[in-house]
Amino acid sequence: MQKMLIEGGHLLNGQVRISGAKNSAVALLPAAILADSDVTIEGLPEISDASTLGDLLEEIGGSVSWQDSQTVTINPEDMIPMPLPNGKVQKLRASYYFMGAMLGKFNKAVIGLPGGCYLGPRPIDQHIKGFEALGAEVTNEQGAIYLRAEELRGARIYMDVVSVGATINIMLAAVKAKGKTTIENAAKEPEIIDVATLLTNMGAKIKGVGTDVIRIEGVPELHGCTHTIIPDRIEAGTYAIAAAAQGKEVIIDNVISLHIESLLAKLREMGVSIEEKDEQLRIIPSRQLKSVDVKTLVYPGFPTDLQQPFTTLLTKAADTGVITDTIYAARLKHIDELRRMNATIKVEGGSAIVSGSTQLEGAKVKASDLRAGASLIIAGLMAEGITEITGLEHIDRGYEKITEKLLDLGANVWREEMTDQEIVQFQNS
Ligand SMILES: CC(=O)N[C@H]1[C@@H](OP(=O)(O)OP(=O)(O)OC[C@H]2O[C@@H](n3ccc(=O)[nH]c3=O)[C@H](O)[C@@H]2O)O[C@H](CO)[C@@H](O)[C@@H]1O
Ligand SMILES: C=C(OP(=O)(O)O)C(=O)O
């Protein structure tokens, strides 16, 4: 088990290349189950969520061959509806896509309830409502979801909450169902469009992705294809925030700036200079950042996945800033750790009230989840002295080679093996 150490105070300068989107990758890989021949995905991020899903595809009989660290070919011909009630499915959130994909392919699936970041309760009732509307019987038996259908039939499904996972999962289950499916109040995130592009290239008939009404006409067969993943807007946003907090001049390469328009607007409001060019962003921070208030919303609003990193940036702004997470009101575990680093943050309901003009100080902190980890890394870059971060398994679920990328930007960051005593302390904390 490793910890990350950061000596703060070094300015980030240079260029960083953004990897493929985690939240696309984790849906594209299970989507390959639905094909009847090779699906090749290019530009995958080297993150543990992607390799865990590769292992799960092999567990159900798929052949998974990695051409290189970012290109994988999945042959689904020998896949079987093998139950996955526990084990690796619990290591990540997106294992829930095995429900939709296996139901769509085999009319049955047994999948353990997913893991992933703990952000407060993360129900999957809308996924289940969608599967049931398509004709599946769904039961929860000892923490595993059992899905069975004689046959899946298209349906009109209204989502009570706008959910990324439920929208994708219902698409996966519906593309081979008999007849037409309409998903109303669908989520509009770019990753949903990416998954629909893959499915369409496999032969699916899908209209309306990127709007809140998605129409699907079921087809009997889906074939293989090659697909290139979109860049990770949350990784790009994380580096943009880090650059605003502790940068000299940072160029972020391989980014679709439209995907993070809500973040860029807030950074500009704070006084950060941002130039957009082709697939690059050039970030030049302001000496004196203005404080802003932020509310997370569904896409194209400010993403909840950038709330925690942005909280860290607010500690440097001139005045008090309020950040409110309307998607996950309990996504606040980073705050106690930031307080250890001298941040002054009050919590009221789902809002963090962050005092600005604070010099953060290095401390020993723990990443409780992926984006809490990102917020602590940014804090470590800004802090006086050395910051030690544990809980790296969360960070490695979603950030490709983050230590190397930061080193290339001029940060002083490294990883060390934890001693036995530190591991015991970590496990008890
Ligand atoms: C693998 C993946 O893509 N993860 C992303 C996905 O998670 P995930 O797909 O789990 O998040 P959702 O979009 O489903 O959740 C949005 C909101 O809806 C609620 N909800 C969701 C489903 C449901 O059946 N019932 C329900 O009440 C959730 O509690 C939450 O408050 O979108 C989140 C919101 O942008 C991001 O933080 C995660 O990074
Ligand atoms: C919450 C996140 O991931 P997951 O849904 O995979 O837990 C995230 O990417 O910030």
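**Questions about a predicted model**

Me: Which residues does UniProt list for "domain: Enolpyruvate transferase"?

Reply: The unreviewed UniProt entry lists residues 7-406 under that name. UniProt positions follow the numbering used here, feature names are shortened, and annotations may be inferred rather than shown by experiment. The end C-alpha atoms of residues 7-406 lie 12 Å apart, and the span is 31% helix and 24% strand. Helices (H or I, at least four residues) and strands (E, at least two) are DSSP runs, numbered from the N terminus.

Me: What kind of model is this, and how are its residues, chains and ligands labelled?

Reply: This is a predicted model, in which local features need pLDDT of at least 70 and side-chain atom pairs count only at pLDDT 80 or more, while totals for chains, interfaces and linings use all residues. Residues are numbered from 1 along each chain as its sequence is written, and chains are lettered from A and ligands numbered from 1 in the order in which they are written.

Me: What are the domains of the protein, and how far apart do their C-alpha centres lie?

Reply: The protein is divided into domain 1 (2-19 + 231-428) and domain 2 (22-228), with bounds that come from an automatic or database domain assignment. Their C-alpha centres lie 30 Å apart. The contact between them takes 19 residues from domain 1 and 16 residues from domain 2; two residues are in contact if their C-beta atoms, placed from the backbone, lie within 7 Å. On the side of domain 1 that touches domain 2 there are seven nonpolar, four polar and eight charged residues. Here Ala, Val, Leu, Ile, Met, Phe, Trp, Tyr, Cys and Pro count as nonpolar, Asp, Glu, Lys and Arg as charged, and the others, Gly among them, as polar.

Me: How do you know where ligand 1 lies relative to domain 1 and domain 2?

Reply: Both domains give residues to the shell around ligand 1, so ligand 1 lies between them. A residue is near a molecule if its C-beta atom, placed from the backbone, lies within 6 Å of it. The shell holds 20 residues, the closest being N23, Q126, S163, V164 and G165. Helices α1 (22-31), α4 (125-133) and α5 (164-174) each supply at least two of the shell residues. By class, the shell has ten nonpolar, six polar and four charged residues.

Me: What surrounds ligand 2, and why is it placed where it is relative to the domains?

Reply: The residues around ligand 2 are K22, L92, R93, A94, G116, C117, D305, L370, R371 and G398. Domain 1 and domain 2 both contribute to this shell, so ligand 2 lies between them. Four of the shell residues are nonpolar, two polar and four charged.

Me: Why is K22 called buried?

Reply: A residue is buried if 20 or more other C-beta atoms lie within 10 Å of its own, exposed if 12 or fewer, and partly exposed in between; C-beta atoms are placed from the backbone. K22 has 26 other C-beta atoms within 10 Å, so K22 is buried. N23 has 25 and is therefore buried too.

Me: What makes R122 buried, exposed or partly exposed?

Reply: R122 has 16 other C-beta atoms within 10 Å, so R122 counts as partly exposed. R122 is found in the loop between β6 (108-112) and α4. The unreviewed UniProt entry lists R122 under "binding site", along with others including I327. I327 has 22 C-beta neighbours inside 10 Å and therefore counts as buried. Leaving aside neighbours within four places in sequence, I327 is in contact with T296 and T304.

Me: Why is helix α3 (residues 97-106) described as largely enclosed?

Reply: Nine of the ten residues of α3 are buried, so the helix is largely enclosed by the rest of the structure. Those buried residues pack against elements including α1, α4 and α5. Just after α3, N107 takes a positive phi of about 65 degrees.

Me: Which residues touch the most other members of the largest nonpolar core?

Reply: They are A31, M171 and A240, in a core of 138 residues. A nonpolar core is a set of buried Ala, Val, Leu, Ile, Met, Phe, Trp, Tyr and Cys residues joined through C-beta atoms within 7 Å. This core draws at least three residues from each of domain 1 and domain 2.
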